[in-house]
Amino acid sequence: MRIHRLQLKHFRAIEACDLEFQVDGLNVISGPNEAGKSSLKEALFLLLEIKDNSKAQATQAVQPAGQDVSTEIEAELETGPYRFLFRKRFHRKPATELHLLAPKREQLSGRDAHDRVQAMLKETLDFPLWKALLFKQGEGQAKIGASPTLLAALDRSAARTVEGDASETSRSRGELFPDETNNSDGHDALCESIFEAAHGEFLRYFTPTGKPAKDLVAESKELEAAAEEVERLTAELAKVERDAERSTQLAQIFREQSQGQTAAAKELEQARLDFEQAKRLEPLVQAARAESEKALSDFSNAQERLREREALHAKLEGLASKLERAQSESAQGEAQAEVLVGQSKARADSTKQLGEKRVAAQKRVEQAAESCAHLREKAELETLIKKRDRHDSAQESFNALKADLAGLQITSEDLNFLREAQNQVGVAQGLIEAVSPEVHLRSVRELEVMLDGESTRLQAGQEESRLVEVELSIETSEGLHVSIRAGRNAEEAAKRLHEAEARVRDRCESLGLADLAEAEKRLERKRQLESESKRLGALLEETHWNTDCKLRAETLAERIRERSQSKRELADCDLGEAVALLESSEAELAAIASQWEESGRLENKLQAELAVMSERRSGARKRVEEFSHERDQCTAELASQRERIADDELALKLEQAKALKSVKANALDELVLQLQSSGLEAKAQALSALESKLKEWTRELAASERERGEVDARLELRGGMGLGEVLESARGEERRRKGELQRKTQRAEAARLLYESLNEEREKARSSYARPLAERIDALGRSIFGDSFAVELGPELEIARRSLNGISLDLDQLSTGTREQLAILSRLACAELVARDGAGVPLILDDALGASDSARTQRMTQLLAEAGDGKQILLLCPDSDQLEWPPGVKRIAMSVQSPR
């Protein structure tokens with residue numbers, strides 16, 4: 001396809017534009033951002049793909065914002081044998097017009113025009129190639145493996161590379177396909193049709209991923225269902241046979257269980273009679289047990305009363321002992337308390353005396369501390385006064401130095417300028433000496449000579465030499481006049497000398513200097529003053545005197561004056577002696593305070609011991625009262641109990657209860673022995689076992705009868721179903737389906753083998769496609785990156801790796817600019833391969849050089865211009881004026897259009 005012309009109206013920010021392109025070569029469309037360059041691709045898409053009445057977002061987005069106008073797109077295109085003019089209007093009054101110019105004239109409108117263009121494009125245009133060759137900055141590699149046009153071109157390139165001579169290829173194909181001699185397209189079509197037929201047969205039985213297709217899966221499932229039905233019917237028939245056998249077994253079991261149930265009932269009746277006879281002894285045993293328990297209870301009560309009486313005696317004795325100990329402790333506590341009271345009073349007096357000493361020592365410490373503070377503040381005030389004096393002196397020196405520096409108006413640049421100018425004077429003088437002529441005069445007799453108007457008398461034999469810088473005039477008394485002029489070089493040297501001397505003189509006058517030596521001395525003096533200024537500045541910084549220092553000095557002076565005027569006593573000594581006095585006073589205070597604290601601690605300890613002792617005396621007195629009261633209560637309780645029953649009578653009743661308990665226990669043992677000899681427990685166990693056995697026989701008999709009924713019911717139901725005939729029919733269906741599936745599976749495996757074999761050979765052939773494409777990319781890339789450039793292609797014919805200067809890197813390891821350049825190279829190589837066969841689509845590159853450096857950008861533009869032969873390239877770029885374009889490149893400028 002080729003684009004001859006593209007016209008837009010009311011398309012986004014484009015008010016109107018009409019662009020014509022050369023169909024063979026490079027077209028450069030340039031313009032600033034928002035000029036509408038990228039809109040050209042979008043307009044082509046809308047024109048060829050979208051109907052005029054579409055309400056899609058793609059059409060709504062191109063209408064100018066805030067304007068109720070129609071967007072119009074018109075293009076003159078050529079594809080295959082067709083050349084046509086195609087126009088669409090969107091939004092208001094949508095319309096579509098087609099004017100077919102070749103191979104024959106035709107005119108259509110509306111839906112017919114849109115469908116006609118779609119049909120021509122499908123017939124002649126390789127859409128995958130069209131989409132793959134479009135490029136926009138930031139996009140990655142194109143997936144070009146789906147383009148049939150490119151694959152056909154690569155196939156022919158690979159065949160030419162592998163087979164060599166084209167005549168050999170034609171002969172070999174002629175031998176295989178006599179009807180298609182010298183017709184490579186026919187050979188390709190035949191090979192492709194064979195492969196497609198094998199692929200179609202493969203897809204009858206398998207999915208594209210190689211899994212069984214639905215029909216084959218359905219056949220397998222039907223066979224599985226038939227096998228499952230045979231298995232189910234076989235199992236049902238086996239169940240009938242098992243039920244018949246089980247019915248016979250259940251009849252025999254039922255007879256045996258009935259006989260066992262009858263025998264168990266007879267044994268149970270006899271065991272029940274034996275148990276009733278033995279059970280008559282139980283009431284006698286229960287009565288004897290009650291009498292024995294009563295006698296035991298009476299004996300226990302008598303024992304408890306006797307123990308209570310003995311416990312009361314023991315308690316009374318214990319209370320007497322406790323009362324005696326409590327009285328003794330109370331007497332001891334009284335004596336110890338009197339001792340502690342005396343010790344506590346003495347310790348309190350000692351603590352009071354030490355406290356008075358501590359107060360006196362504290363006053364001495366405060367006086368010594370005040371003396372130290374007074375002396376320290378006097379020392380600090382003296383230091384501040386000295387600091388102020390040093391600061392004032394340094395400030396005066398610093399100000400004077402600044403005044404001296406202000407008078408020295410010379411810099412290192414001035415001195416360098418004078419030195420350089422003086423050097424130029426010396427150079428000019430040397431040059432004058434080298435190029436100026438020198439005149440030697442020698443008088444043979446005494447003679448008066450005028451040299452440049454100055455009279456000079458020469459004695460006989462005297463010599464005079466002069467350099468002629470510009471011109472020298474000589475006049476003698478005899479009337480001889482000689483004029484000597486120096487050459488051009490001498491004049492130039494003299495001019496340079498005068499200029500250099502003027503520069504030295506002017507700069508010295510501006511600085512108030514006589515010459516270079518005075519300038520050097522003045523600059524050295526300035527440097528000395530600057531060094532001294534830094535030293536004084538550092539001293540000022542060190543002796544920094546500000547408002548805080550002044551306030552501090554005034555505060556210290558006021559404090560010292562107040563202390564001097566007060567009546568407080570201050571030590572008449574220096575600061576060291578005052579500090580020593582303070583330290584000794586503090587040490588004395590610390591010793592007295594330690595003694596005072598220790599005395600207070602001992603006093604508190606005695607007070608605590610006295611409190612504990614008082615508490616103990618109170619407790620001892622309380623215990624004496626409690627034990628006395630409790631002893632009186634216990635004595636009264638013992639007297640009351642003895643009034644009810646004496647101690648001897650209580651012991652006699654215990655002996656009588658003990659004898660009765662023994663008699664009743666013997667009688668109970670005799671009756672229990674008789675009951676045990678009757679075998680009542682064994683008979684009860686035997687009765688229980690026989691009852692359980694009868695219940696088990698009854699339960700088993702019922703279960704057998706129930707199972708027998710279920711089995712007979714299933715036999716009756718299944719007997720009339722004809723399971724044998726149904727099973728044979730199912731087995732026949734299974735054999736039929738197995739044979740059908742086996743035949744279909746064999747055909748499927750044959751189709752798989754054929755397709756996989758052809759596909760393997762096809763993939764082997766296609767693997768050679770990458771070679772001509774990679775070779776073309778390498779050839780294009782070497783003009784950009786150098787002779788060491790090479791690429792490796794991936795399975796989709798995209799660039800996978802790049803080699804440069806012996807280093808290979810994956811694509812994602814490269815810079816953005818390099819990846820974009822490689823993407824352009826691969827598209828350009830594809831376009832060239834397709835263009836060799838007379839096919840192809842326009843190669844549109846949108847902002848393709850934005851990420852490249854200037855040198856590679858220039859080389860890339862040259863490459864695009866050279867590669868435009870046989871194909872149409874549209875390069876959209878921001879600014880084409882900065883690049884050099886060879887002849888044959890058509891340049892189209894677009895500008896930003898202001899809205900109405």
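Me: Which residue is the bridge partner of Leu85 in β6?
Reply: Leu85 pairs with His99 in β6. This is a predicted model, where local features need pLDDT of at least 70, side-chain atom pairs count only at pLDDT 80 or more, and totals for chains, interfaces and linings use all residues. Residues are numbered from 1 along each chain as its sequence is written, and side-chain values use heavy atoms, with hydrogens and water left out.

Me: How many bridges are there between β5 and β6, and in which sense do they pair?
Reply: Seven, and the pairing of β5 (residues 82-90) with β6 (residues 95-102) is antiparallel. Two strands pair if DSSP finds at least two bridges between them. Strands are DSSP runs of E with at least two residues, helices are runs of H or I with at least four, and both are numbered from the N terminus.

Me: What about the turn?
Reply: Four residues lie between β5 and β6 in this hairpin, and His91 in the turn has a positive phi of about 75°.

Me: And where does β6 go next?
Reply: β6 forms a hairpin with β7, with three residues between them. Four bridges join β6 to β7 (residues 106-109), again in antiparallel fashion. Leu100 stands opposite Glu106 in β7.

Me: Switching to the sheet with β15. What is the strand order?
Reply: β15-β16-β17, an open sheet of three strands with antiparallel pairing. β15 (790-793) and β17 (807-810) are the edge strands, each with a single partner, so one side of each has no neighbour in the sheet. The twist averages 25° from one strand to the next.

Me: Which residue in β16 is the bridge partner of Glu792?
Reply: Arg801. β15 and β16 (residues 799-804) are joined by four bridges.

Me: Which helix lies across β15 and β16?
Reply: α18 (residues 770-785), running at about 150° to β15. Axes are lines fitted to C-alpha atoms, for helices over the stretch in contact (heavy atoms within 4.5 Å). Angles run from 0 to 180 degrees between N-to-C directions.

Me: Now helices α10 and α12. At roughly what angle do they cross?
Reply: Roughly 160°, with the axes of α10 (residues 412-435) and α12 (residues 516-542) coming within 10 Å. That makes α10 roughly antiparallel to α12 (angles over 145 degrees).

Me: Which residues meet there?
Reply: Among them are Leu415, Leu418 and Arg419 in α10, and Leu516, Glu520 and Leu523 in α12.

Technical notes:
Angles under 35 degrees count as roughly parallel, over 145 as roughly antiparallel, 65 to 115 as roughly perpendicular and the rest as oblique.
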